[in-house]
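Here is a friendly note to read alongside the model. Keep the 3D view open and find each residue as it comes up.

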Amino acid sequence: MTTSISTGLAKALLDTGSMRTNLTGAKLRIYAGTVPVSADAATGVGTTATLLCTVSDASGADALTFETAAIDNVLEKTAGQTWSGVNAATGVATFFRFEMAGDAGGASTSAIRIQ
């Protein structure tokens, strides 16, 4: 599986700062189905992809956050957060998206995503 970043995240990293700053407030979504050709492409939820699980802080509405400083080149979750999710469907996971909580999964060159 190839990991890629969206055009929006690449531009944000060049224009406004760190990976931590740009990913704070995101959620991790795990999907089954056809893998989009890039992080800019639509997920196709409802047609070619099925959302299996959304990972957030304590499986709730709170988005994910990160520690201020990377340790050994690793961006760690904020101490005190419990990253977990509740399954929304069954299936075999084929890809993930780390995306902002309000991202509807449509095609975008401005959305901040890792796929």
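1. Let's begin with Arg113, which sits in strand E5; helices (H or I, at least four residues) and strands (E, at least two) are DSSP runs, numbered from the N terminus. Arg113 is buried, as its relative accessible area is 1%. Here, buried means under 20% relative accessible area, exposed means over 50%, and partly exposed is in between (1.4 Å probe, protein chains only). The side chain of Arg113 also reaches the backbone oxygen of Ala39, at 2.9 Å.

2. Before going further, please keep in mind that this is a predicted model, in which local features need pLDDT of at least 70, side-chain atom pairs count only at pLDDT 80 or more, and totals for chains, interfaces and linings use all residues. Residues are numbered from 1 along each chain as its sequence is written, and side-chain values use heavy atoms, with hydrogens and water left out.

3. Which side chain makes a polar contact with the side chain of Arg113? That of Asp103 does, at 2.7 Å. A polar contact is a pair of N or O atoms within 3.5 Å; within protein, one must be able to donate a hydrogen and the other to accept it, and residues adjacent in sequence count only if both atoms are side-chain atoms. Asp103 belongs to the loop between E4 and strand E5 (113-114), and with 15% relative accessibility Asp103 counts as buried. Not counting residues up to four places away in sequence, Asp103 touches Arg29, Ala111 and Arg113, where contact means heavy atoms within 4.5 Å. The C-alpha atoms of Asp103 and Ile30 are 14 Å apart, while the two residues are separated by 73 residues along the chain.

4. Next, have a look at the rings. There are four aromatic pairs in the structure. Rings of Phe, Tyr and Trp (its six-membered ring) pair if their centres lie within 6.5 Å; planes under 30 degrees apart count as stacked, over 60 as edge-to-face and the rest as tilted. Phe66 and Trp83 make an edge-to-face pair, because their planes stand at 80°, with the ring centres 5.6 Å apart. This pair links distant parts of the chain: Phe66 is in the loop between strand E2 (49-57) and strand E3 (83-87), and Trp83, 17 residues away, is in strand E3.

5. Trp83 also forms an aromatic pair with Phe98, and that pair is tilted, with 6.3 Å centre to centre and 40° between the planes. Trp83 lies in strand E3 and Phe98 in strand E4 (residues 95-100), so the pair ties together parts that are 15 residues apart in sequence. Phe66, Trp83 and Phe98 form one aromatic cluster. Are its members buried or exposed? Phe66 is buried at 9% relative accessible area, and Phe98 is buried at 8%, whereas Trp83 counts as partly exposed at 26%.

6. Now for the strands, where two strands pair if DSSP finds at least two bridges between them. Strand E1 (residues 26-33) and E2 run antiparallel and are joined by six bridges; Tyr31 has Leu51 in E2 as its bridge partner. E2 and E3 also run antiparallel, joined by five bridges, and the bridge partner of Cys53 is Asn87 in E3.

7. The largest nonpolar core has twelve residues, among them Leu9, Ala26, Cys53, Phe66, Phe98 and Ile114. A nonpolar core is a set of buried Ala, Val, Leu, Ile, Met, Phe, Trp, Tyr and Cys residues joined through side-chain atoms within 4.5 Å. Helix H1 (7-16), E1 and E2 are the elements that give two or more residues to this core. Ala26 is in contact with Ala63, Leu64, Phe98, Glu99, Met100 and Ala101, leaving aside neighbours within four places in sequence.

8. Finally, please check two backbone angles. Ser59 is not a glycine, yet its phi is positive, at about 55°. Ser59 is found in the loop between E2 and E3 and counts as partly exposed at 32% relative accessibility. Asn73, also not a glycine, has a positive phi of about 65°. Asn73 is in the loop between E2 and E3, and with a relative accessible area of 80% Asn73 is exposed.
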